[in-house]
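Please open the structure in your viewer and keep the selection tool at hand. The tour below moves from one selection to the next and says what is found at each stop.

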Amino acid sequence: MRTAYSVEKVRAAERDLMARLPDGALMQRAAAGLAVACADLLGRVYGSRVVLLAGSGDNGGDALYAGARLARRGAGVRAVLLSPERAHQGGLAALRAAGGRVSADPRADIARADLVVDGIVGIGGKGGLRPEAAELAEAARGTTVLAVDLPSGVNADTGEVDGTAVRADATVTFGAYKPGLLIDPAREYVGALRLVDIGLELPAPDVEALQHADVADLLPVPAADSDKYRRGVVGVVAGSARYPGAAVLSVSGALRGGAGAVRYVGPGADAVIAAHPETLVHAGPPSKAGRVQAWVIGPGLGDNEEAMADVLDSDVPVLVDADGLHHLDPARVRSRTAPTLLTPHAGEAAALLGAAREEVESARLRSVRELAARYGATVLLKGSSTLVADPEGAAVRVNPTGTGWLATAGSGDVLSGVAGALLATGLAPRDAASAGAYLHGLAARQAASAGTPLTACDVAAALPETWRSVASA
């Protein structure tokens, strides 16, 4: 599992460690790891041309010390000092002693560089780059760029990008991942991400990203005495005359996402049975359909207040998606005795928050936390970096398997079915949402591995093989 920590927690851990180490030892650890990453990107250090964009903080010092190490190995290293009078004196002296120089013509040196090292702003930076730094970042476009700790101009805590920021091909971060490195829009500026361990002792994380082994531990495995009820029966209330396919896709996701059985309630019974004859169908209302361990409601449903009220009155976990999110009352959700999982995309989240879609997309971490607190529910905020927050304030989970191939009609309906099936098996909403998003994204990647366009049906069809690949991790 990748765990990410706020700037405040990282700073506190650094202070604790520095108090136990000789002066400057922590920076030397970081610089050594940075120099190795630079060498890996260059392939051949001797004779290469490296430009350091060095700000006045510790990131600038890290870059200068790393540049000194590269210069001792035969690289031609030039430092662009954004604030010469405040440059890290120890790092600058080490660079000069190793044969590196301060650049007299930054633009020309950048244009000739094999590698540009971004050490402009550290993890405490807020807002976009200042004009001089923004010009240097623009000049580096088209050159391989390695960011020190994080791309300058992105918010380390939130992933927000307010103005111009460096777009890196790779980022080396020290001691711990920072939330902004894992969350869009900042994640798009990070490139390949490498963590250098410098010995920090850290508390509970703020953000975490599950990996194969973590998801494998969550996936339920039927026992010898399992029946469909022990495996989990999920009820699906979806589809309408206008969107009959939503019913089929949600049921597909649930059946291929591990449910022991699916009960379908809605007007799409004929289409559902034609696609999945094992489905149990009922005309409704949901409360009369039979025993379920969780409900999924909303995909393609249209305006069906009676079904919504009936499902929310149930005493089992409920996943609400798509049309079910319209006019959702926070007090009604908070009053439920069983857990609720909401799965909005950015537009739906904006409507729930009374905000603009652009606000949600630019501040995804803040938005998902606010939604979870306001509704007293677990929230899966769909998007390029899908986030899962629970109302108790546990670490927000970011899904690492997202892919642009999921930008296709109906893929959200499949995800609702998968996560609903996992809810029905007894997983907590945070785990069901996280594992469901992971499987869903991975299925899309596998289905599109040939580089051909795919549909939501393709994603659903890939789920069983995806499940097997993760479960065997």
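How much space lies in the second largest pocket? The model you are looking at is predicted, and in it about 790 Å³ of space lies in that second largest pocket. To find the place, select His-345, Lys-382, Leu-406, Ser-411 and Gly-412, which lie nearest the centre of this pocket among the 34 residues that line it. Then colour α10 (244-256), α14 (346-353), α15 (357-362), α17 (411-424) and α18 (429-447), the elements that each give two or more residues to the lining; the largest share, four residues, comes from α17. By class, the lining of the second largest pocket divides into ten nonpolar, 16 polar and eight charged residues.

Stay with α18 for a moment. Of its 19 residues, 16 are buried, so α18 is largely enclosed by the rest of the structure. The end C-alpha atoms of α18 are 26 Å apart, which agrees with the 27 Å that its 19 residues should span at 1.5 Å a residue.

Next, go to the largest pocket, where about 930 Å³ of space lies. Select Gly-57, Asp-58, Asn-59, Val-121 and Gly-122, which of its 45 lining residues are the closest to its centre. The elements giving two or more residues to this lining are α1 (7-18), α2, α3 (58-72) and α6 (131-139), and the lining as a whole has 18 nonpolar, 16 polar and eleven charged residues.

Now select Trp-295, Ile-297 and Leu-328, the residues with the most contacts inside the largest nonpolar core, which has 101 residues. Helix α2 (residues 25-42) provides the largest share of this core, ten residues. A second, separate core has 53 residues, including Val-414, Ala-432, Leu-463 and Trp-467. Back at Trp-295, show its neighbours: among the residues it touches are Gly-235, Val-265, Pro-286 and Leu-319.

The last stops are in the backbone. Most residues other than glycine have a negative phi, and most peptide bonds are trans. In the loop between β14 (318-320) and α13 (330-334) select Ala-322, whose phi is positive, at about 50°. His-327 is in the loop between β14 and α13, and its phi, near 60°, is positive as well. Are these two residues buried or exposed? Ala-322 counts as buried because its relative accessibility is 14%, whereas His-327, at 79%, counts as exposed. Finish at Pro-185, in the loop between α7 (179-182) and β8 (192-196), where the peptide bond from Asp-184 to Pro-185 is cis, with omega near 5°.

Conventions
Residues are numbered from 1 along each chain as its sequence is written. This is a predicted model: local features need pLDDT of at least 70, side-chain atom pairs count only at pLDDT 80 or more; totals for chains, interfaces and linings use all residues. Side-chain values use heavy atoms; hydrogens and water are left out. A nonpolar core is a set of buried Ala, Val, Leu, Ile, Met, Phe, Trp, Tyr and Cys residues joined through side-chain atoms within 4.5 Å. Buried means under 20% relative accessible area, exposed over 50%, partly exposed in between (1.4 Å probe, protein chains only). Contact means heavy atoms within 4.5 Å. On a 1 Å grid over the protein atoms alone, a cavity is a set of points where a 1.4 Å probe fits but cannot get out, and a pocket is an open set with protein on both sides within 12 Å along at least five of seven lines; lining residues have an atom within 4 Å of a point. Grid points are joined across faces, edges and corners, and a volume is the space filled by probe spheres set on the points. Ala, Val, Leu, Ile, Met, Phe, Trp, Tyr, Cys and Pro count as nonpolar, Asp, Glu, Lys and Arg as charged, and the others, Gly among them, as polar. The expected span of a helix is 1.5 Å times one less than its number of residues. Lists of a residue's contacts leave out its neighbours within four places in sequence.
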